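This report covers strand pairing, aromatic contacts and selected helix residues. The sequence and structure come first.

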Amino acid sequence: MVKRVAVIGAGCSGLTAIKCCLDEGLEPMCFERSEDIGGLWRFKDVAEEERASIYKSVIINTSKEMMTYSDYPIPEDYPNYMHNSKVLQYFRLYVENFHLLKYIHFKTAICSIKKHADFSTTGQWNVITESEGKQETHVFDAILVCTGHHTHPNLPLHSFPGIENFKGQYFHSRVYKSIEPFKDKTVIVVGIGNSGVDLAVEISAVAKQVFLSTRRGAWVVNRVSDNGYPIDIVVSNRLGKLIQHVFPGLVNSLVEKKANSRVDHVNFGLKPKHRSSKTTTYG
């Protein structure tokens, strides 16, 4: 008997999960609560509840050579670092090429997942789904949860005493969509991760002034390396990993020297206490 597999989510992981199930002779059934594929990489003008959200200008910080699916390469004419619309377009090509659309049930939410009554002998699961107000019960031999981890924002307001008296606006970057609302305003961006740096640079084009706040600094490295090669291709290879494992101190020094040649981290108050192998921001 063919094993039935529930795939939850039709984003970048869910799509490949469907394909892998088919390759292994399994029977996948994918449930997507929204009306389309793409997950995080499908831009919407307004952030939606229970769904990951991106801003309009997002460009992926992983090169196409490193993020491509092994069974369906990204087209050669796509840029090394793709705009979110290109990423979604690539997913559509993938779905079309492998005829995956017929396995996806859109606008279908998962209500519950529980062990089947005879789980100890069959390993099966009871899954209750809901679509257009109608619930349905399914039995599956396996569950693949492909919902990602960017759905719920981390907004620790308790870390900002007095925030309740602040007269301006404050919100998580998940809500950010474009620069227009920040024209001629003074803005502080809290956090020096990839999104924080992205937003600080973008908003500075129209804002009166932008401050970037960081507790511990970060090593800021260009995503494009020497001779125009993507940085992740240059550093993520077997030889590079071997050298990093054998001579970690030397590799850290070389990376930090390279980073400082572009931006003096001490001069700009960016130098963290940790070495470059711990935390790196791509800008």
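## Antiparallel sheet

Isoleucine 113 stands opposite valine 127 in S5. Strands and helices are DSSP runs, strands (E) of at least two residues and helices (H or I) of at least four, numbered from the N terminus; two strands pair if DSSP finds at least two bridges between them. The model is predicted: local features need pLDDT of at least 70 and side-chain atom pairs count only at pLDDT 80 or more, while totals for chains, interfaces and linings use all residues. Residues are numbered from 1 along each chain as its sequence is written, and side-chain values use heavy atoms, with hydrogens and water left out.

The open sheet here has 3 strands in the order S4-S5-S6, with antiparallel pairing. Strand S4 (109–115) and strand S6 (134–140) are at the edges with a single partner strand each, so one side of each has no neighbour in the sheet. On average, neighbouring strands of this sheet are turned by 20° against each other, direction ignored (axes are lines fitted to C-alpha atoms, for helices over the stretch in contact, and angles run from 0 to 180 degrees between N-to-C directions).

Between S4 and strand S5 (residues 125–131) the antiparallel pairing runs over 6 bridges. Between S5 and S6 it runs over 7 bridges, and serine 131 has lysine 134 in S6 as its bridge partner. The hairpin of S5 and S6 has 2 residues between the strands, and in it glutamate 132 takes a positive phi near 55°.

## Parallel sheet

A further open sheet has 4 strands in the order S3-S2-S1-S7, paired in parallel. Its edges are strand S3 (104–105) and strand S7 (142–145); each has a single partner strand, so one side of each is left without a neighbour in the sheet.

Strand S1 (residues 4–8) pairs with strand S2 (residues 27–31) in the parallel sense over 5 bridges. Within this pairing, alanine 6 has methionine 29 in S2 as its bridge partner.

## Aromatic rings and charges

Rings of Phe, Tyr and Trp (its six-membered ring) pair if their centres lie within 6.5 Å; planes under 30 degrees apart count as stacked, over 60 as edge-to-face and the rest as tilted. By this rule there are 13 aromatic pairs. Phenylalanine 31 and phenylalanine 140 form an edge-to-face pair, because their ring centres are 6.0 Å apart and their planes stand at 80°. Phenylalanine 31 is in strand S2 and phenylalanine 140 in strand S6, so the pair ties together parts that are 109 residues apart in sequence. Phenylalanine 31 is buried at 3% relative accessibility, and phenylalanine 140 is buried at 0% (buried means under 20% relative accessible area, exposed over 50%, partly exposed in between, with a 1.4 Å probe and protein chains only).

Ring pairs also link Tyr69, Tyr72, Tyr90, Phe91, Tyr94 and Phe98 into a cluster. A charge sits over a ring if NZ of Lys or CZ of Arg is within 6 Å of the ring centre and within 35 degrees of the ring normal. The charged end of lysine 19 is placed over the ring of phenylalanine 98, 4.4 Å from its centre. Arginine 223 lies over the face of tyrosine 81, 5.6 Å from the ring centre.

## Helix residues

In helix H5 (residues 194–203), the buried residues are Gly196, Val197, Leu199, Ala200 and Ile203. They cover an arc of only 165° around the axis, which puts them on the same side of H5; the arc is that of the directions from the helix axis to the C-beta atoms.

Asparagine 252 belongs to helix H8 (residues 248–262) and is buried, with a relative accessible area of 7%. Leaving aside neighbours within four places in sequence, asparagine 252 is in contact (heavy atoms within 4.5 Å) with Arg275, Ser276 and Ser277.
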